Amino acid sequence: MKPLLADVSQSLGTDYYLIEELLTDEEREIRDKVRAFADREVIPIINDYWDKAQFPFELVPKVAELNIAGTAIQGYGCPGMSQVAAGLVAIEMARGDGSFNTFFGVHSGLVMSTLAICGSEEQKERWLPQMARMEKIGAWGLTEAKHGSDSVRLETSARREGDQYVLNGEKRWIGNATFADVIVIWARDEDDGEVKGFLVEKGTEGYSTELITGKMGKRAVWQPDIKLEEVRIPVENKLEHANSFKDTNKVLTATRGGVAWEAIGHAIAAYEAALTYSRQREQFGRPIAGFQLIQNKLANMLAEITLMQLMCYRLGQLQEQGKMTGPQASLAKMNNAKKAKQVCSDARDIMGGNGVLLEYHVARHLSDMEIVYTYEGTDTIQSLIVGRDVTGVGAFV
Ligand SMILES: Cc1cc2nc3c(=O)[nH]c(=O)nc-3n(C[C@H](O)[C@H](O)[C@H](O)COP(=O)(O)OP(=O)(O)OC[C@H]3O[C@@H](n4cnc5c(N)ncnc54)[C@H](O)[C@@H]3O)c2cc1C
């Protein structure tokens, strides 16, 4: 039996409640463009990169041609698409491949949003147009080895010396940071103890990275540990409006919804592959799609996908209207990461032994979902954010 992509890649069978009809022409166009890119450029080559834990640099100029980097950011050469369109980009990219979507999400989501939200006019003018064209690539460094979920307690320091800041410390798990042109570093100002954002440019002395190897998911995107040893940057590279962890949180809230959309892409890819497989795979003299227990699984998977889509569609509308709260974004991230992980796991089961083989694609999506479940705040942390919102009592410490 051969891998099943030709059959599944054009399927619209996961739009069960016709969300298509709610989209604008522009949103449909963006979705179709990214879907075609994923089908044509990403899916045919990605398993090999994933297997070898190599990053597909060959895809960077190709994704740049789509003019989607910076998604919903207005001006500065960015596309200024709707929040729903930005979500559809995440779905289609992740349906193609999670690693490449993470590369893109760090660059276009975390870093460009940080510049848009926290940058000065000069910083935006300097970086955003080049980043929208993907001539310059970004990385975003918050997490430290000792501070993941409690990143608010980060220890990397920034010391003002004349017209420079001097950064010292270590970061962990920083996507794209081995080759990025600009790295956002969150560090504690020694003067007032507040967490602030700084731009470290490629080649700055004292900045070094060591790639983390042996990952079981998102293998085709690189995250290194970063060392910052007396890294001197000009004061102009301090992000003008990143002056406390509240500002960091503004960025996290804006981008967290993207992870909820991304989870849908993984779930759709796995569901489509399992559905197609079940129609073709015969056991006990008939296609397994005809067995009640397989149909029950598929129906439940489709129900979860439909619920995730509806939740995200509304979240996108709220974000567009400036009404989305942090806990609302957390609820979507928590729900979708959990549900998509289960959908991928059920898809793998439906595909039996073949489900564990890379060439059938579902194993990659299932492993990638383990990462989605953890990054940008674990499932538990998202539930604590929602818990604090509904009870009025913080349970973090
Ligand atoms: C592949 C990958 C890519 C990443 N990319 C980036 C990136 O580009 N930039 C960046 O800055 N970071 C990045 N991260 C870091 C990611 O955001 C952190 O891994 C995540 O926030 C969890 O932190 P941690 O790994 O230190 O786990 P920990 O915080 O040590 O958590 C361990 C466990 O304890 C639980 N826990 C923690 N606190 C509580 C509590 N109060 N109550 C109950 N349970 C609790 C957690 O939910 C988890 O289950 C990435 C991580 C991965 C794996």
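Helices (H or I, at least four residues) and strands (E, at least two) are DSSP runs, numbered from the N terminus. The UniProt record, an unreviewed entry, places "domain: Acyl-CoA oxidase/dehydrogenase middle" on residues 140-231. UniProt positions are in the numbering used here, feature names are shortened, and annotations may be inferred rather than shown by experiment.

**Ground rules.** I am working on a predicted model, where local features need pLDDT of at least 70 and side-chain atom pairs count only at pLDDT 80 or more, while totals for chains, interfaces and linings use all residues. Residues are numbered from 1 along each chain as its sequence is written.

For residues 24-135 I noted 71% helix and 0% strand, with 30 Å between the end C-alpha atoms. UniProt, again in an unreviewed entry, gives residues 24-135 the feature "domain: Acyl-CoA dehydrogenase/oxidase N-terminal".

**Domains.** I then read the domain assignment: domain 1 (5-132), domain 2 (138-237) and domain 3 (245-391). These bounds come from an automatic or database domain assignment. The centres of domain 2 and domain 3, taken over C-alpha atoms, are separated by 30 Å. I found 9 residues of domain 2 in contact with 9 residues of domain 3; contact means C-beta atoms, placed from the backbone, within 7 Å. The side of domain 2 that touches domain 3 has 5 nonpolar, 3 polar and 1 charged residues. In this classing, Ala, Val, Leu, Ile, Met, Phe, Trp, Tyr, Cys and Pro count as nonpolar, Asp, Glu, Lys and Arg as charged, and the others, Gly among them, as polar.

**Ligand shell.** Which residues are closest to the ligand? I listed T143, G148, S149, T378 and T380 as the closest of the 21 residues that surround the ligand; a residue is near a molecule or strand if its C-beta atom, placed from the backbone, lies within 6 Å of it. The shell has 9 nonpolar, 10 polar and 2 charged residues. Domain 2 and domain 3 each give the shell at least three residues. At least two shell residues come from each of β1 (138-141), α10 (362-374) and α11 (379-391).

**Core.** The largest nonpolar core has 118 residues, and A267, A270 and A347 have the most contacts inside it. Such a core is a set of buried Ala, Val, Leu, Ile, Met, Phe, Trp, Tyr and Cys residues joined through C-beta atoms within 7 Å. Helix α7 (residues 245-280) supplies the largest share of this core, 17 residues. Setting aside residues up to four places away in sequence, I see A270 touching V343, C344, A347, V362, H365 and L366.

**R279.** R279 also sits in helix α7. R279 is partly exposed, with 14 other C-beta atoms within 10 Å; the scale is buried at 20 or more such atoms, exposed at 12 or fewer, and partly exposed in between, with C-beta atoms placed from the backbone. Beyond four places in sequence, R279 is in contact with P287 and A289. C-alpha to C-alpha, R279 lies 7.9 Å from G290, 11 residues away in sequence.

**Positive phi.** L18 has a positive phi of about 55° and lies in the loop between α1 (5-8) and α2 (25-52). T71 has a positive phi of about 20° and lies in the loop between α3 (60-64) and α4 (83-96). Is L18 buried or exposed? L18 is exposed, because 8 other C-beta atoms lie within 10 Å. T71 counts as buried, because 26 C-beta neighbours fall inside 10 Å.

How values were computed. Contact = placed C-beta atoms within 7 Å.
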